[in-house]
Amino acid sequence: DEEYVRGYCLWNISVNKKLKQEHCIQAGVDNVFNYTDPVFLPSVPGRLVYLSVQYRFNASSNKQIPKN
């Protein structure tokens, strides 16, 4: 007798904002409604909340180096 996992849907949301040319911040939530099924889906851990900050060191230097 085969067993199947019932259908499910995971909702994720994220937003990001570019603060300057070289700065960006992002926040989000994966699995917004905290769906878990440890018996059949042990790899779905539940709700995950995250925040990230990105800084680009060379974002403003788009100049080409002249060839000699």
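This is a predicted model: local features need pLDDT of at least 70, side-chain atom pairs count only at pLDDT 80 or more; totals for chains, interfaces and linings use all residues.
Helices (H or I, at least four residues) and strands (E, at least two) are DSSP runs, and they are numbered from the N terminus. With that in mind, let us walk through the structure: the protein has zero helices and three strands, and from the N terminus on its elements run β-β-β.

Residues are numbered from 1 along each chain as its sequence is written, and side-chain values use heavy atoms, with hydrogens and water left out.

Let us begin with the sheet. Two strands pair if DSSP finds at least two bridges between them. Strands of a sheet pair through backbone hydrogen bonds, either parallel or antiparallel. In this protein, three strands form an open sheet in the order E1-E2-E3, and the pairing is antiparallel. Strand E1 (13-18) and strand E3 (48-55) stand at the edges, each with a single partner strand, so one side of each has no neighbour in the sheet. On average, neighbouring strands of this sheet are turned by 10 degrees against each other, direction ignored. For such angles, axes are lines fitted to C-alpha atoms (for helices over the stretch in contact), and angles run from 0 to 180 degrees between N-to-C directions.

Now look at how the strands are joined. E1 and strand E2 (residues 23-30) pair in the antiparallel sense over six bridges, and these two strands form a hairpin with four residues between them. You can trace the pairing residue by residue: Ser14 has Gly28 in E2 as its bridge partner, Val15 stands opposite Ala27 in E2, and Lys18 stands opposite Cys24 in E2. On to the next pair of strands: E2 and E3 run antiparallel and are joined by eight bridges. Here, His23 stands opposite Tyr55 in E3.

How much of the protein is buried? Buried means under 20% relative accessible area, exposed means over 50%, and partly exposed lies in between (1.4 Å probe, protein chains only). Of the 68 residues of the protein, 13% count as buried. The protein exposes about 6600 Å², and carbon and sulfur atoms supply 54% of it. Such accessible areas come from the Shrake-Rupley method with a 1.4 Å probe, and for residues only the protein chains shown count as cover. E1 has six residues, and the number buried is zero, so this strand lies largely in the open.

Next come the aromatic rings. Rings of Phe, Tyr and Trp (its six-membered ring) pair if their centres lie within 6.5 Å; planes under 30 degrees apart count as stacked, over 60 as edge-to-face and the rest as tilted. The structure holds three aromatic pairs. One of them is the stacked pair of Tyr8 and Tyr35, at 5.3 Å centre to centre with 10 degrees between the planes. Tyr8 lies in the segment before E1 and Tyr35 in the loop between E2 and E3, so the pair ties together parts that are 27 residues apart in sequence. Tyr8 is partly exposed, with a relative accessible area of 39%, and Tyr35 is partly exposed too, at 28%. Tyr55 and Phe57 form another aromatic pair, this one edge-to-face, with 5.0 Å centre to centre and 80 degrees between the planes. Tyr55 counts as partly exposed at 43% relative accessibility, whereas Phe57 is exposed, with a relative accessible area of 75%.

Is Asn31 buried or exposed? Asn31 is buried, with a relative accessible area of 4%. Contact means heavy atoms within 4.5 Å. Not counting residues up to four places away in sequence, Asn31 touches Leu10, Trp11, Asn12, Val44, Gly46 and Arg47. The phi of Asn31 is near 60 degrees, a positive value in a residue other than glycine. Asn34 has its place in the loop between E2 and E3 as well. Asn34 has a positive phi of about 60 degrees although it is not a glycine, and it is partly exposed, with a relative accessible area of 37%. As for contacts across the whole protein, among those between residues at least 6 apart in sequence, 35% join residues at least 24 apart.
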